[in-house]
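Student: I am new to this structure. Can we go through it in short steps?

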Amino acid sequence: MDIGFIGLGAMGTAMARNLAAAGHRVRAWNRSGGSVEGVEMVTSPAEAFAGDAVLTMLSEDAAIREVLLDSGVLDGAPAGVVHLVCSTISVAFARELVERHDAAGVGYLSAPVLGRPDVAAAGQLNVILGGPAEHAARLEPVFEAIAGKVWDMGEDAAVANAAKIACNMMITMAIEGMAEAVVLTEGKGLPREKFFELMLGTLFGSRVYQNYSGIIAERKYEPGFKAVLGLKDLRLARELAAETAIGTQGSLPMLDAVHARMGAAIEAGHADRDWGIMAEYTIDTAKG
C-alpha cells in the first residue's frame with residue numbers, strides 16, 4: 001500500500017519503520033524533521049495524504065487541528081484516502097473529526113494504540129478501533145504491520161477514543177496503587193522488589209503491573225510516555241466524566257485523585273520524565 005505518516009515521535013517512528021519493513025511505500029512528515037529507515041520524508045503533510053491511507057501520531061487535539069484542519073490539508077485531501085488517528089484525543093474532537101472527514105469526502109478511523117515504544121517496535125501494539133467496517137477491512141495490511149491485535153469497538157469512532165482514555169486512566173490508578181503499597185511495605189523494611197514479587201505472583205500479574213512495578217523498583221523514569229502527556233490524558237478523562245458521570249455531578253473520585261497527583265508531580269519538575277514518576281513522587285512525599 002501507499003501509506004502516509006504524520007508524527008515521528010518514539011511511537012510513530014517505530015510504527016512507520018514497521019510499515020516500511022512490511023513492504024509498503026511510506027511517506028512521512030514530521031514537524032521537527034528527522035528520518036526513518038526505509039521511509040521517504042516529504043516536505044508537507046498534504047503529501048502524506050496522497051496515497052491509500054495516512055496515519056497520524058500527533059500528541060494532542062490542538063496539534064491535529066493545526067496540522068490538518070486549520071491548514072486546509074484535510075479539505076484538500078484526495079477522495080478515497082482513509083485517515084487513521086492513532087493518538088489519544090478527546091471524544092469531542094473525535095466527533096468533530098468524523099464530521100470534518102465526511103464533509104471532505106475522506107475516510108476516517110479512530111485507531112488509538114496501547115503499548116509503549118518497545119511494543120511499537122515489535123509490531124505488537126493493541127489497536128483500539130472505531131469506525132466504518134469497510135475502511136477497517138481495506139486497511140488490514142496496515143494493522144498486520146503494526147499490531148498484535150485489533151480490538152473493534154464498533155462503527156462509532158468516538159467510542160474507541162473513550163475506551164483508550166479509560167485505559168490510560170486505569171494505568172495511572174495502577175501506578176498510584178503500587179506507589180501507596182510501597183509506602184506501606186518499604187516503610188516497614190520490605191524492599192519494593194520483594195513486595196512486587198509477591199504482588200505479581202499472586203493478585204496482580206497483568207502487563208501493566210509487570211511493566212510499571214519494574215520501572216518503580218529500578219527507579220528508571222526515562223520517558224516511554226511523558227508525565228505531561230499523562231496529565232493531558234487524565235484531563236481528557238475528566239472532560240469525559242463531566243459528560244457521562246451525571247449521578248456524581250461529573251466527578252469520579254479516583255480519577256480526580258490521580259489527576260491531582262500527576263499534576264503535583266509535574267509541578268515538582270517531572271513533566272518530561274516517564275509518567276511512572278508519579279509513583280516516586282507519592283513515595284517521596286509520604287516519607288516527608
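Student: Where is Arg219 found?
Tutor: This is a predicted model. Helix 10 covers 207-218 and helix 11 covers 227-244. Arg219 is found in the loop between helix 10 and helix 11.

Student: What is the phi of Arg219?
Tutor: Most residues other than glycine have a negative phi. Arg219 is not a glycine, yet its phi is positive, at about 55 degrees.

Student: Is Gln249 buried or exposed?
Tutor: Gln249 sits in the loop between helix 11 and helix 12. Its relative accessible area is 72%. Exposed means over 50%, so Gln249 is exposed.

Student: Which class of aromatic pair do Phe195 and Phe196 form?
Tutor: Their ring centres are 5.9 Å apart. Planes under 30 degrees apart count as stacked and over 60 as edge-to-face. The planes here are at 55 degrees, so the pair is tilted.

Student: How many residues apart in sequence are the parts that Phe225 and Trp275 tie together?
Tutor: Phe225 and Trp275 form an edge-to-face pair, 4.8 Å centre to centre. Phe225 lies in the loop between helix 10 and helix 11. Trp275 lies in the loop between helix 12 and helix 13, so the pair ties together parts that are apart in sequence by 50 residues.

Student: Is Trp275 buried or exposed?
Tutor: Trp275 belongs to an aromatic cluster with Tyr212 and Phe225. Buried means under 20% relative accessible area. Trp275 has 3%, so Trp275 is buried.

Student: Which residue lies over the face of Trp151?
Tutor: Look 4.0 Å from the ring centre of Trp151. The residue over that face is Lys149.

Definitions and conventions: Residues are numbered from 1 along each chain as its sequence is written. This is a predicted model: local features need pLDDT of at least 70, side-chain atom pairs count only at pLDDT 80 or more; totals for chains, interfaces and linings use all residues. Side-chain values use heavy atoms; hydrogens and water are left out. Helices (H or I, at least four residues) and strands (E, at least two) are DSSP runs, numbered from the N terminus. Buried means under 20% relative accessible area, exposed over 50%, partly exposed in between (1.4 Å probe, protein chains only). Rings of Phe, Tyr and Trp (its six-membered ring) pair if their centres lie within 6.5 Å; planes under 30 degrees apart count as stacked, over 60 as edge-to-face and the rest as tilted. A charge sits over a ring if NZ of Lys or CZ of Arg is within 6 Å of the ring centre and within 35 degrees of the ring normal.
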